[in-house]
Every structure is written in C-alpha cells, then in structure tokens.
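Reader: I have the sequence and the coordinates open side by side, and I would like to work through them with you. Could we begin with how the helices pack and move on from there?

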Amino acid sequence: ASSIEMQGLHKRFGRDTVALDGVDLNIRAGEFFTLLGPSGCGKTTLLRILAGLEEPEAGSLVVGGKNITEVPPHQRSVNTVFQSYALFPHLSVRENLAFGLKMRGMKTAERQAKVDEIAEFIKLGDLVDRHVDQLSGGQRQRIALARALICEPDVLLLDEPLSALDAGLRSQLQVELLRVQKRLGMTFVFVTHDQQEAMVMSDRIAVLNGGTIQQVGTPDEVYEHPVNAFVAHFMGHDNLFAISAAEDDWVDTELGRLRLDPAEQRDAQDGWLLIRPETLELDGEIPEGYNRLQGTVAERLYRGSRIEYRLTVNGRSLMAVASNLGQRMHNIGDRVTISVCPEDLVRVAA
Ligand code: ADP
Ligand code: MG
C-alpha cells in the first residue's frame, strides 16, 4: 500500500469551469478514503488526476513517496474501477481478468494461476467461465473489481462503483468491498455522492464542494461535528437553526434560547446551531441543566428499528429520532416536551 499526498491541485476546463480549486489532501497507506460531494464538485476530476488521465495546471502528486505528477498513467501503480463496468463484452470473464496481465507480458500458465487466485479471493465461483454478456450488473461490477485488483496496484481508485446497483445488491457489495480492502491492506480512494455509503465504508472522508475540500475526518467527526452548513446539510442533517445572538453558554435561535457547552462558543460568530435528531428525548425526565422545549408532533415515520418524528417548535420544524424500544409511540397532534443536553449542541459556521 502507498500513501498519497496532493498539494495545490488546480484544474479547469475551458475558461470558465474550475473543476479543482486548490486541493491539498493526504491519504494514508492502507486507508479506505472516500471523496464525498454532490455531482459536479470535482470528484472524478481528482481521481483522473491520480490516475494520470488528466493533467493539473498546478500542484503536485506524491504516491508512495515518489513524485508522479509527470508520470504517464501506465507507469503509475494505480488502477481504476469506474461506475460503468468497462469490461470487454466479447470476451469471457477469464479473458477479461487476464487481459491486463497479458499486456504486461505475463506467460499463459502464470496468468491462469493469477486468475484462479483472484477468482478464489473474490469468490467468483463458476462466474469465471461465463461470458460477460451472461452476467448481471452486480456480477459485472465484481468482475470489474477483480480485474482492477489482479495487477496488485498500490492504490485502487473507485469512481462510484456501486451507484448503478439496486439497494440490496449495493449494501452486499459494500460489505464485500470493505472486506477485500481490509484483507489486502491496499489504499482505496473511493468516490461517492451518497453520505450513508461514505460513512459505512470509510476510514476517513473528504467532503468536497465546488472543487474545494470542505472537511476531512472520520465518519463520526464529519457527521457529529460538520465544520460548516454545507457539510452539515450534505451529511443529511435537517436540524440547523440560525443563531441570532450568543453569549457564554447560551444562544438565541429560531427555536428559542438554548444552553450549550461554553467550549462551543470558541469562535463565536453568527452561524448555525446543529441539533442531531437522535440527541432529543421526548417526554422523558429532564436532568438538571438540560434544555427544555415544547413542541407538537406533526409527522411520524415508523421505520421499524426507530421512529422519526417531525415536531413543530415555535413554528419551526424539528426532527427527532427515537429508538423503537417499547416506549409509548407519540401520535400526530400530541404535545411533547423535548429535552436536549447542552453538550450535544454543536455550532456550525455559515
Ligand atoms: P463529479 O465527479 O464530482 O460529479 P467532475 O469532476 O466530473 O465532478 O466535474 C467537475 C466539473 O468539471 C464539472 O463542472 C464538470 O462539468 C466539469 N468537467 C469535468 N470534465 C470535463 C471535461 N472533460 N470537459 C469540460 N468540463 C468538464
Ligand atoms: Mg463523477
């Protein structure tokens, strides 16, 4: 496995499109690292620069301690799996898998052995002897992954490899992909626009927007402490409330005045207050020092393992999640008392 260091990467297309606007990023050897962001934020461009398929106007790229900014694609120990499978449809699976090895001049017997080894590793079973056009989407994507792994690159780049698959198959392949990566200890740079997928898979995540990195962190850091409103929204948070005034250990928000941990006031400016829905307790006992709000249940979404409530507080929507542990369910129209611990409130920059 290799580490990756990117510094000051800039890339534009034509005069007006800035795809990357100064990207600095360090990825550790053996890390499952995810680039997360909306469509058009520059994820694919960054991967293509890593692969050598796109040349940056400025910046440098070091992989495994070696500056490869000027090294052509085929001389980089980097391989890519794309969203569309990019297999040769007229060849068998075995021939597809052996193709890269053949290009490298590996002998037939050795190639066969390698193909058998990877087929065993990814548990392809009798798929290896089929033709590509006899395979389902999920099967093709597993072959594409096997083909990228067979050359044992130091770094594997994966550009939304699961987005074309339906939900069930997708979560199955997520687990499989993660297992393969951990067993090989290879550096994976994975691209997705799906924050759930990013959180499940990654050691660390970089959130991108408009060609710049907004935040880098572990899934829990990025989810629990987003640095700005963009990251908070993108990580799926709904409960963001404008702060109109703040002092020591309280803030005034659209919901009312709330107490928070004074440490949260470190760079106190105007901004937003983030309330995670799972930190709210409805109609429970309210410990000393906790915030108390009054609300009404406007919507209830029963999800089996948990129940989501949309509450109305002071004319605003507030989402709450309760685990389904045999508590009484709240009904639409119920008045509820909401409590939240000051330490669970997070300030977020605009
Ligand atoms: P993402 O993969 O995050 O959706 P991309 O890296 O594909 O984003 O694109 C980033 C920006 O660069 C977008 O505005 C896109 O339209 C533009 N772009 C990407 N590739 C090209 C290209 N070959 N020619 C012109 N514009 C491009
Ligand atoms: Mg893309």
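This is a predicted model: local features need pLDDT of at least 70, side-chain atom pairs count only at pLDDT 80 or more; totals for chains, interfaces and linings use all residues.

Reader: What is the handedness of the crossing of H2 and H3, and how do the two helices lie?

Author: Helix H2, residues 93-103, packs against helix H3, residues 108-121, at an angle of about 125 degrees, with the axes 9 Å apart. The two helices are therefore oblique to each other. As for the handedness, the crossing of H2 and H3 is right-handed.

Reader: Which residues of H3 does H2 meet, and how many residues of that contact are charged?

Author: From H2 the contact takes in Arg94, Leu97, Ala98, Leu101 and Lys102, and from H3 it takes in Arg111, Lys114, Val115 and Ile118. When the residues of the contact of H2 with H3 are divided by class, 5 are nonpolar, none is polar, and those that are charged number 4.

Reader: Which residue with a positive phi follows H2?

Author: After H2 comes a residue whose phi is positive, near 80 degrees, and that residue is Gly105.

Reader: Turning to the ligand, which element gives the largest share of the shell around ligand 1?

Author: The residues around ligand 1 are Phe13, Thr17, Ala19, Gly37, Ser39, Gly40, Cys41, Gly42, Lys43, Thr44 and Thr45. By class, this shell around ligand 1 is made up of 3 nonpolar, 7 polar and 1 charged residues. At least two residues each come from strand S2, residues 17-27, and helix H1, residues 43-51. The largest share, 3 residues, is supplied by H1.

Reader: Is Val340 buried or exposed?

Author: Val340 belongs to strand S19, residues 335-340. Leaving aside neighbours within four places in sequence, Val340 has contacts with Ile275, Thr279, Leu280, Tyr290, Asn291 and Leu345. The C-alpha atom of Val340 is separated by 9.6 Å from that of Leu260, although the two residues are 80 apart along the chain. Because 23 C-beta neighbours lie inside 10 Å, Val340 counts as buried.

Reader: Where is Pro72 placed, and why is Pro72 called exposed?

Author: Pro72 lies in the loop between strand S5, residues 66-67, and strand S6, residues 78-81. The C-alpha atoms of Pro72 and Leu53 are 8.1 Å apart, while the residues are 19 apart along the chain. A residue is exposed if 12 or fewer other C-beta atoms lie within 10 Å of its own, and Pro72 is called exposed because the number of such atoms is 9.

Reader: How do Glu160 and Asp248 count, as buried, partly exposed or exposed?

Author: Most residues other than glycine have a negative phi. Glu160, in the loop between strand S7 and helix H5, has a positive phi near 45 degrees, and Asp248, in the loop between strand S11 and strand S12, has a positive phi near 20 degrees. With 19 C-beta neighbours inside 10 Å, Glu160 counts as partly exposed. Asp248 has 10 C-beta neighbours inside 10 Å and therefore counts as exposed.

Reader: Finally, for the chain as a whole, what percentage of the residues is buried?

Author: The chain holds 8 helices and 20 strands, and its C-alpha trace spans about 75 × 45 × 35 Å along the principal axes. Of the contacts between residues at least 6 apart in sequence, 66% join residues at least 24 apart. Among the 350 residues in the chain, the buried share is 33%.

Conventions:
Residues are numbered from 1 along each chain as its sequence is written. Chains are lettered from A and ligands numbered from 1 in the order in which they are written. Axes are lines fitted to C-alpha atoms, for helices over the stretch in contact, and angles run from 0 to 180 degrees between N-to-C directions. Helices (H or I, at least four residues) and strands (E, at least two) are DSSP runs, numbered from the N terminus. Angles under 35 degrees count as roughly parallel, over 145 as roughly antiparallel, 65 to 115 as roughly perpendicular and the rest as oblique. A crossing is left-handed if the near helix is turned anticlockwise from the far one by less than a right angle, and right-handed if clockwise. Two residues are in contact if their C-beta atoms, placed from the backbone, lie within 7 Å. Ala, Val, Leu, Ile, Met, Phe, Trp, Tyr, Cys and Pro count as nonpolar, Asp, Glu, Lys and Arg as charged, and the others, Gly among them, as polar. A residue is near a molecule or strand if its C-beta atom, placed from the backbone, lies within 6 Å of it. A residue is buried if 20 or more other C-beta atoms lie within 10 Å of its own, exposed if 12 or fewer, and partly exposed in between; C-beta atoms are placed from the backbone.
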